[in-house]
Amino acid sequence: MPGSQTLCAAAAAAGMLLIVAAAAPSANRQDLQRALTRKPRTQFKGEGQETLSRTLNVALRRSEGSLVRACANWTAEELQSFMFRVLERQSPELNAIYEREKDRRRLQRSSADEYRRHWEQANDVVRRSKHLHKPLRDSHCRQAVMWWTHHISEDARHELRRGGLMVPLLPEEEKAPCQALATDDGEHSVCLGVEQENSCDWCHSLQAEREQPGKHAPNALDPQFVGPDDGNPHGWDRQRRCDQDYKSPPCGICEGVGGVPWSDANQDIHLASCTPLKQPEEVDMSTVAPPIYPKVFTNNKYKDVLIGRKQDPFCFKFFPENNSSGVECYRAEDGIVKYYDITKEAVRTDYNLKMNGAFGLFGNITSTVTHVGKYMWIINHLWFGMDQCICTDPGRDKCTHAPNCSSYVWHYNFAEDAQYLGRERIGVEWIGEMDLDHFILWSHHMWTDPKSRRLVRLWKPWNGLQIYDPTGWIDSVEDPSVFETPPPLCKKGGAKIRIQCDDDGNFHPKMNEGLHYLEQLRAAAASPSVVI
């Protein structure tokens, strides 16, 4: 067999990852050509994760014959042993190509020992957190197949086949969500290896930190990003969800438009009407307004539908997440006014809320949501003269990799690098048809008005729908006291129901008051005979 090609000196000079393997056969011309081909051929493509996996499994069965085993029949540790065997034979020539081209196939760790330590740490967590085994195993299957195909030469594969090495197949289903407990650093570490790292910080770090690494969105069009990152667990179609890192095919005009949803079911949404008018190359870009907020503004004609992961039976407290896993709450909110001042890291929105479920019998409520710095105060004016305040630190259990796990008001220019998709005639909720310019940034979609040069519509399928009437914009906040915090109702002696608030109205995770009133309200909604 051909001798080893370690390329030690060249690799060291290039500063690239190198796992030196003794007796690893050289890559042949076909191996090198595959490494240089970044876009897979048609026969190795599929629409969606499930179809793609089935297509690639057909190719694996054809090449490996009986030496294949379904992903579900492996353990994570068995897959790690398989990958270690591959690492022993991996071709530095091939990885050098991936490093040079910044190809997402490149190895992410500097040695086999580093991979072994990483796997051992993950295994320790999975032994006590059994629910993480499937997402870890499925992730390993995908990684193992990629390494087998792209990191060893055909001669090396031939040697391993002769030794009877079994090869895993891909899981023929959507990516399993990886759900870590907010308080468990080990579970978070495992999920960081399975999912893309936390993305909340891209938009919700301090405005002054925006130019720091990790504080703004990377380029979703780069080849290493292939969506959907969370596996699209609800099976939403490309009208309800189309992320910028979708590659086969990428998102286009009138895709990902969304609308007014009321459940996780794909069909439970009133989709906005959309007619393509012009592709990007057909538009005079001087007429296109970028999707950037004013640094200070009031909008008195604002409406939205808020979407966030369910945390309580009544959907009183929920906050948008960075992925769509879990059961979502959907709440239509008739905005009274929205105030924003990025120089104060502050935003406040006053709402009329449409309540669903048992509480819907009592009618709508009014609510004020104030976010200043890293903390948020939610005041709900309920029924029978009861007020409720929820004090919260929204970043506390949402981020997984940010230095201080804090979530601030969104950057006014978070979408300044958004991709332009074209001009559309879209049925804007609560306004009517408008000719708008459509932008996309990862899972965020934004529309601006070429006439008023204002943001009009924003949609993210697991965060919500926002509508700003162009006639409601004012580039100032006349009364700065609207951002006063903590609000008086959140302090001792204020609202009857105070959740996670200390006596001064600040966030405290273990201090609650008046929760029995909520139970009384629930009982009254369930039985009209109950008197409060």
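A disulfide is taken here as a pair of cysteine sulfur atoms within 2.5 Å. By that rule, Cys 242 and Cys 251 form a disulfide, with their sulfur atoms 2.1 Å apart. Good morning, colleagues. The structure before you is a predicted model, and I shall come back to this pair after a brief overview.

Let me begin with the chain as a whole. The protein chain contains 11 helices and 20 strands. Of its 532 residues, 52% are buried. The accessible surface is about 24000 Å², and carbon and sulfur atoms account for 51% of that area. Among contacts with a separation of 6 or more, 63% are between residues 24 or more positions apart.

A word on confidence. The mean pLDDT of the chain is 83, and 80% of the residues reach 70 or more. Residues 1-23, however, stay under 50 in pLDDT, and the model has 51 contacts for them beyond four places in sequence. Residues 399-404 are likewise below 50, with 13 contacts in the model beyond near neighbours in sequence. Where pLDDT is low, the predicted coordinates should not be read in detail.

I turn now to the interior. In soluble globular proteins, nonpolar side chains tend to be buried together. Which residues touch the most other members of the largest nonpolar core? They are Tyr 293, Trp 410 and Met 446, in a core of 40 residues. The elements that give two or more residues to this core are the strands β9 (346-353), β10 (365-372), β11 (375-381), β14 (432-441), β16 (455-460) and β19 (497-501), together with helix α11 (515-526). Strand β9 gives the most, with three residues. A second, separate core has 26 residues, including Trp 74, Leu 107, Ala 144 and Trp 147.

Let me return to the disulfides. The count comes to five, and I shall describe three of them.

The next disulfide joins Cys 391 to Cys 501, with an S to S distance of 2.0 Å. Its torsion about the S-S bond is about 100°, so this disulfide is right-handed. The pair links distant parts of the chain, since Cys 391 is in strand β12 (residues 387-392) and Cys 501 is in strand β19, 110 residues apart. Both cysteines of this pair are buried.

Cys 71 and Cys 141 are both buried.

Next, some details of the backbone. The peptide bond from Gly 227 to Pro 228 is cis, with omega near 5°, and Pro 228 is in the loop between α10 (201-204) and β3. Another cis peptide bond joins Thr 485 and Pro 486, with omega about -5°; Pro 486 is in the loop between β18 (473-474) and β19.

Two residues other than glycine have positive phi. Glu 345 has a phi of about 50° and is in the loop between β8 (328-341) and β9. With a relative accessible area of 12%, Glu 345 is buried. Arg 453 has a phi near 60° and is in the loop between β15 (444-448) and β16. Arg 453 is partly exposed, at 42% relative accessibility.

I close with one side chain. Where is Ser 263 placed? Ser 263 is in the loop between β3 (259-261) and β4 (269-271). Its side chain makes a polar contact of 2.5 Å with the side chain of Asp 268. Beyond neighbours within four places in sequence, Ser 263 is in contact with Arg 240, Asp 268 and Tyr 330. Thank you for your attention.

Conventions:
Residues numbered from 1 in each chain as written. Heavy atoms only, no water. pLDDT = per-residue confidence, 0-100. Contact = heavy atoms within 4.5 Å. Helix = DSSP H or I, 4+ residues; strand = E, 2+ residues; numbered from the N terminus. Polar contact = N/O pair within 3.5 Å; in protein donor to acceptor, adjacent residues only side chain to side chain. Core = buried A, V, L, I, M, F, W, Y, C linked by side-chain atoms within 4.5 Å. Buried < 20%, exposed > 50% of the residue type's maximum accessible area, 1.4 Å probe, protein only. Areas by Shrake-Rupley, 256 points an atom, 1.4 Å probe, with all protein chains shown as cover.
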